[in-house]
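Please keep the sequence and the coordinates at hand.

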Amino acid sequence: FALLFLALDLSLIVSVKRLIKAGSKIHMIGLDVTREIVLTPNRLEYMCRLDPEMGEFIRKITGFYMDFHWEQEGIIGCVINDPLAVAYFIDRSMCDGFDSFTVVATDGVCRGQTVVDSMNFWKKEPNSRILTETDSERFFAFFMERVLRKNDGSRWKKDEFKLLHEL
């Protein structure tokens, strides 16, 4: 895993580069990991059954992505990248990975890419945490526990999601 695209916005690239240079440890969740978080039609329908109002809202805001992933990649469902990053910052055990030295390219054909020295060839102190693993079932229990409500307004508990492992 050598490259991760940040963005092509030069100001963002320079900002990330400055953070790394200043000694801030960057935590990176690459698309290879977030792509394990697929909101399938079955998961979405389950959410609609548990909390019809929130479930339908999620259906409405993900419809475009469901169509996009089907048309572009043949995926039945949609990848929801950002919620995994948020979940990780709430619960650091949500993802696992390794520490590594990382630099950000600010020009040329590689502009916006991070270069991760995963083999420690440069022998430099790690300045980033590269997250390479997650448990999608655990994530969805965590996600649903936080966004769904019962009819009485109380939160669902992860042990109440009886069918989640089958979706």
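A residue is called buried when its relative accessible area is under 20%, exposed when that area is over 50%, and partly exposed in between. The structure discussed here is a predicted model.

The protein chain contains six helices and seven strands. Along the sequence these elements follow the pattern β-α-β-α-β-α-α-β-α-β-β-β-α. Of the 167 residues in the protein chain, 37% are buried.

The salt bridges may be considered next. Across the whole structure, a search finds 10 of them. One of these joins R138 to D91, with 2.8 Å between the closest N and O atoms. R138 belongs to helix α6 (residues 136-147), whereas D91 sits in the loop between α5 (81-90) and β5 (95-104), so this contact ties together parts that lie 47 residues apart in sequence. With a relative accessibility of 32%, R138 counts as partly exposed, because such a value falls between the limits of 20% and 50%. D91, at a relative accessible area of 21%, is partly exposed.

A salt bridge also forms between the side chains of R129 and D99, at 3.3 Å from N to O. Because R129 is part of strand β7 (residues 128-134) and D99 is part of strand β5, the pair ties together parts that are 30 residues apart in sequence. D99 has a relative accessible area of 36% and is therefore partly exposed.

Within the stretch assigned to helix α6 (residues 136-147), the side chains of E145 and R146 meet in a salt bridge of 3.4 Å, N to O. E145 counts as buried at 17% relative accessibility, while R146, at 34%, counts as partly exposed. Elsewhere, salt bridges with shared partners connect K25, D96, D99 and R129 into one network.

F68 is located in helix α4, and its relative accessibility of 36% makes it partly exposed.

Note on methods
Residues numbered from 1 in each chain as written. Predicted model: local features only at pLDDT ≥ 70, side-chain atom pairs only at ≥ 80, totals over all residues. Heavy atoms only, no water. Helix = DSSP H or I, 4+ residues; strand = E, 2+ residues; numbered from the N terminus. Buried < 20%, exposed > 50% of the residue type's maximum accessible area, 1.4 Å probe, protein only. Salt bridge = Lys/Arg side-chain N within 4 Å of Asp/Glu carboxyl O.
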